[in-house]
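Hello,

Here is the structure I promised to pass on to you. Have a look at it first, and then read my notes below.

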Amino acid sequence: MAPYFRDLCVAKNCNIAIIGAGPYGLSLAAHLKAAGADFRIFGRPMATWRNHMPRGMLLKSDGFASNLSAPDPASKLKAWCSARGIEFNDRYIPVPLSVFCDYAAWFQRTYVPALDVRQVTSLAAMHPGFALTLDNGERIEAAHVVLAVGLTHFTHTPECLTGFSPELVSHSFYHRDFDRFAGRHLLVIGAGASAIDCAALATEAGAHVSLMARASSIQYQTAPDPDAGSWLERFQEKLAAVFRSEPRQTEEAATTPGWFMRNKLEGKVLEYLGYTIDTAREEAGRIAVTATGSEGQTLTVTADHVIAATGYRPDLRRLPFLDSGMLDAVTHTDHSPRLSGNLETSLAGLYVLGPLAAQSFGPQMRDMTGAESAAPRLAAHLARTAQARRIKAA
Ligand SMILES: Cc1cc2nc3c(=O)[nH]c(=O)nc-3n(C[C@H](O)[C@H](O)[C@H](O)COP(=O)(O)OP(=O)(O)OC[C@H]3O[C@@H](n4cnc5c(N)ncnc54)[C@H](O)[C@@H]3O)c2cc1C
């Protein structure tokens with residue numbers, strides 16, 4: 001751990017700066033506020049959920065696992081739905097995106113009212129502390145910084161699909177609705193939750209959809225079985241897995257297609273499964289994708305547009321606001337930061353929450369369930385650190 005400003009750090013504008021106001025940033029802020037900590041949180045609230053998820057989407061996480069976290073038990077989605085007469089079930093009723101966004105907006109107004117919607121455009125380490133620049137040029141100094149930037153900067157598109165105009169190829173992150181594809185041929189690449197959501201919702205919008213994926217079958221979530229173990233057992237298993245110390249491979253946790261999507265897709269979409277894309281080329285304003293099947297056969301599909309629902313690759317180098325000196329100071333594995341048990345990077349005072357922490361803390365950090373453990377844990381650590389500093393200074 002880099003020692004260079006651990007003990008010297010003095011907050012000038014704030015003690016803790018949180019970058020990002022998604023489920024992780026807001027949950028941490030709610031716990032810090034309850035602990036009376038000095039913090040600021042930056043970013044447009046729930047921007048990923050409001051701007052980058054398809055209208056009409058149903059959450060993949062069960063109702064009981066779709067909470068933002070605050071110390072108040074009334075902060076849970078179940079309590080919020082119950083107070084408003086909104087249909088809710090821990091497992092059997094999928095949560096609509098619109099309901100979740102309304103709940104999250106209420107959560108933010110109730111538990112994190114003082115939010116600064118400005119974007120952070122640069123972050124540099126000082127000695128001591130950190131300097132943040134906001135999108136209006138204002139400079140803030142903070143003793144601790146928490147990166148809670150979600151998947152925003154990490155879209156992954158296969159090499160052979162890059163370099164085309166956005167009219168021909170786009171990533172699933174950029175699709176909120178699919179009306180513009182009505183009557184057109186759309187090729188969706190991928191077999192994860194985003195691919196299935198895009199394919200199903202585009203079909204409902206009147207597009208002719210083909211789906212191509214390397215996987216030989218679509219692995220939907222298992223539909224809830226009333227005779228299987230209780231949700232409480234499943235939740236306890238998930239929580240136990242969150243705070244493991246050894247680094248591990250990130251799996252696609254909330255990216256498994258919802259059990260409720262099977263009927264919306266099967267028989268309505270042309271499926272090319274077991275195919276790996278080799279090349280893509282433009283042909284008279286359309287795009288032709290050539291792929292090789294599992295038995296060596298070649299296939300070419302021509303479409304008006306290709307959506308690459310090909311996931312996200314968290315990578316510190318892709319954070320556009322991060323000073324290059326900081327990149328050098330953070331120890332990483334495959335460009336994901338290595339974190340201590342308190343979610344701190346090797347650059348003392350710099351913390352990470354959410355998907356960028358999944359390499360160290362497991363796939364739950366990709367889903368909001370991870371915030372239910374990580375946010376109170378990090379808030380308690382930061383509050384203790386600030387307290388220790390005050391005692392030392394006195
Ligand atoms: C299509 C889709 C469906 C999903 N469905 C589910 C689901 O059903 N259940 C589930 O648990 N998970 C789901 N996920 C995963 C989901 O992204 C995470 O659970 C959750 O959003 C992670 O929270 P977060 O706060 O880390 O990230 P985000 O929600 O992405 O929030 C990060 C925030 O940081 C902001 N930000 C980034 N850079 C800056 C900056 N420089 N300055 C200020 N702000 C910045 C962004 O605008 C964003 O609002 C889904 C993901 C996708 C893509």
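A residue counts as near a molecule if its C-beta atom, placed from the backbone, lies within 6 Å of it. The ligand is surrounded by 32 residues, and G20, G22, G43, G150 and G354 are the closest. Two elements give two or more residues to this shell: α1 (23-34) and α2 (47-51). (Helices are DSSP runs of H or I with at least four residues, strands are runs of E with at least two, and both are numbered from the N terminus.)

Please keep in mind that this is a predicted model, where local features need pLDDT of at least 70 and side-chain atom pairs count only at pLDDT 80 or more, while totals for chains, interfaces and linings use all residues. Residues are numbered from 1 along each chain as its sequence is written.

Next, helix α5 (residues 193-204). Buried means that 20 or more other C-beta atoms, placed from the backbone, lie within 10 Å of a residue's own. Of the 12 residues of α5, 11 are buried, so the helix is largely enclosed by the rest of the structure. Its buried residues pack (C-beta atoms within 7 Å) against β7 (185-189), β8 (208-213), α7 (262-265) and β13 (305-308). After α5 comes G206, with a positive phi near 100 degrees.

Finally, the cores: sets of buried Ala, Val, Leu, Ile, Met, Phe, Trp, Tyr and Cys residues joined through C-beta atoms within 7 Å. The largest nonpolar core has 68 residues, and helix α10 (residues 369-393) provides its largest share, 8 residues. A second, separate core of 37 residues includes A199, one of the buried residues of α5.

Best wishes

Key: Contact = placed C-beta atoms within 7 Å.
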